[in-house]
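Hello,

Here is the structure we talked about handing over. Please open it first, then read the notes below.

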Amino acid sequence: MKLNEILGADRVVSGGTYTSKKKVLEDLARLLNKGASGVDANDILTSLSSREKLGSTGLGHGVAIPHGRMGGVEGSVGAFMRLKHPLDYEAHDGLGVDLVFGLLVPQNATEAHLKHLAAIAEMFSDEVFCKKLREAGDDASLFALLNSFKPGN
Amino acid sequence: MMDFVNQILFAAGLLFLVSILATVITPRLGVPLLFVFIIIGMIAGEDGPGNIHFADFRLTNLAGTAALAVILFDGGMRTSFKTFRVGLGPALSLATVGVLITMLVVGWLSSVVLDLPLAQGMLLGAIVSSTDAAAVFSLLSNRTVSLNSRVTSVLEIESGTNDPMAVFLTLGVIAYLQSPDTFTAQQFLFLLVEHMGIGGVLGLAGGWLLARALNRLQLNESLYPVFALFSCFLLFGLTALLGGSGFLAVYLAGLLVGNRKVRALASIRRFHDGIAWMAQIGMFLILGLLVSPHKLLTIALPALLIGLVLILAARPLAVVISLLPFRFPWREQAFISWVGLRGSVPIVLATFPWIAGIENAGLIFNIAFFIVLVSLLLQGWSVPLAAQMLKLYIPRTGARVKRLEVDLPGQSGYEIVSYKLPVDSSHIGRRPKELPIRDHSRIIAVTRSGHLLSYREWGVLQAGDFVSLLVAETDLERLDTVFKAKRQRADAAASRQFFGEFEISLEAAAKDLAESYGVKLPESTAEFNVGQLVLKFLPRPVVGDRLRLGHIELVVRRMEGGELREIGVRLPRE
């Protein structure tokens, strides 16, 4: 998987302050909408929220990967948000989340797209990488960092 | 005369010390310990440099029986009722049907290969029909991975309960051989009922009485374990004198005592662990001494053949048939087949025909001995490899380093445990008292770089700290998860790969799960929640069990007292 096929520079933002998980998902849906213009932002939000009802998509150590499956999306679409302050996300380790990667996958061809999700989870499990993401200066360097990720760095 | 005594003491001291030292070295070589003990005995014996001539079958039988009684009592005490939930049914089936099938296959083959009458072949079959899992667990225990609890429960309970059956079959065949004309099938069945019935009843009654006596009697602290030991002998002897199975009785008694709140249980356990070790070592040394290695050579070929058929055909057949109603995954069946290690029981049983004066007793003893050697060597060595090849390892969850049970006056069920905080523990930087610990449990010490800190010096927790707690046994599992929070990176990766990326709530609707991951569910499960869905297909789950749904898998992450607690979803990978 190449991340730049999934993630565009306009879908990486940082610095937002949030008080609820719901608000994060709303903004994330809007962000994802930029890469999936064929669908409605509200439908994206519904998809992400219904996945969260199954259980938190928090990975632990401050990372969450909200995701959803949607008709009308061509390929996998990603978006990334770095929050200013860790937010309670009901993650299993109890830590607040400040790195949020959203992923939409199309209705069909699920296996390939679920593999994308697995690869992204793998990427964000690398704590050294997460530390770099937290230290990155602006949106552009965040985007560069995300695109340059190689496993084991 | 004094010289004789001194020589005995010298020899016993030397042999035990060498054996004990061997326990330090051999785990690293992966050699089964029992094999080493037996070899030490053989080296000390008539064909080795030790040149000790020992051929007393009666004494061996006495020592072996006593040792087995102690080992089974200890095994019973260490078997928790909790393991019964998934293990009891399959284990009992293996211990009865499985043992019988093993005997029939090996018995028939032996009579053909060795050109013996069928009944004598069956005698050999009965002798080698039970397994010894103690060796297996010692090989598996010191690893960073473990087996799922269904496999370990079955093996543990099986190895404790199949010995009485093997003893019974051996005695039954001997009874037939002694008077083949008058011995009938009814008698055989009657013998079975008598053996197991008396053994079972006396075992349960004896265990109950022993537990009560330990709680009522005011004894010197050191006498409780000794009291338990000789109660075990008394129970064994009494049961056997009345025609019951002493082995079954002491196992059941141990089981009852070990699972009840009994005073001094911790020291009884520790004492009996030591005694069981001594019994194990002593028995194998004596068995090694007893055999005449040069006689083994003459029967090596047929014995090897019988041994291989036992390992490769009889045991797998017995496992597959015994486990048929329980529908075990084939990998687990294959592993349980491979772990059919033969230990001391066959050799001790092989002294029975000698004492009974059965024809060909010498041949049968030597063949049984050889089969045990083959099994210990071939299977004992390869058990970890087999578990790996069959992909049965699950990442170990927990950071617990040391566990020590203590007796509080007037209390039991408490333990002192220590945890080491790994470098990336999420508790680093927290104050010890912020740890989520329930009321009854408490932190009693924090040790940092080798120093026990006074309460005021605790400060915040650092990597490498040892936290020691006094905990209620019922709280242990939960504390393990508290302390495992975030392990080392490699472990975490392995763990995530195994247990799945995300946690799924047990209460979530199954159809929402299906919708989110594009899975088709059977009609009948449409209204289920995720927990019910898992239980429908995995009725008796253990940690590590998987349920495949389309491209994803649900993995059992955590169980608590037989209840499903946590499920993970595992995504497909490149």
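**Strands and sheet in chain B**

Leu554(B) has Val569(B) of β11(B) as its bridge partner. Bear in mind that this is a predicted model.

That pair belongs to a longer stretch. Strand β10 (residues 552-560) of chain B and strand β11 (residues 563-570) of chain B run antiparallel and are joined by seven bridges.

Both strands sit in an open sheet of four, ordered β8-β11-β10-β9 (chain B), with antiparallel pairing. β8 and β9 (546-549) of chain B are at the edges, and each has a single partner strand, so one side of each has no neighbour in the sheet. On average, neighbouring strands are turned by 35° against each other, direction ignored.

**Where chain B meets chain A**

Contact involves 24 residues of chain B and 26 residues of chain A. About 2400 Å² is buried between the two chains. Carbon and sulfur atoms give 56% of that area.

One salt bridge is found across the interface. Its partners are Glu515(B) and Arg69(A), with the closest N and O atoms 3.9 Å apart.

Which elements of chain B each supply at least two residues of the side that touches chain A? They are α19 (489-499), β8 (502-504) and α20 (510-517). The largest share comes from α20(B), with six residues. By type, the side of chain B that touches chain A has eleven nonpolar, four polar and nine charged residues.

Best wishes

Notes. Residues numbered from 1 in each chain as written. Chains lettered and ligands numbered in written order. Predicted model: local features only at pLDDT ≥ 70, side-chain atom pairs only at ≥ 80, totals over all residues. Heavy atoms only, no water. Contact = heavy atoms within 4.5 Å. Buried area = accessible area lost by both parts, 1.4 Å probe. Salt bridge = Lys/Arg side-chain N within 4 Å of Asp/Glu carboxyl O. Nonpolar A, V, L, I, M, F, W, Y, C, P; charged D, E, K, R; others polar. Pairing = 2+ DSSP bridges. Axes fitted to C-alpha atoms, helices over the stretch in contact; angles between N-to-C directions.
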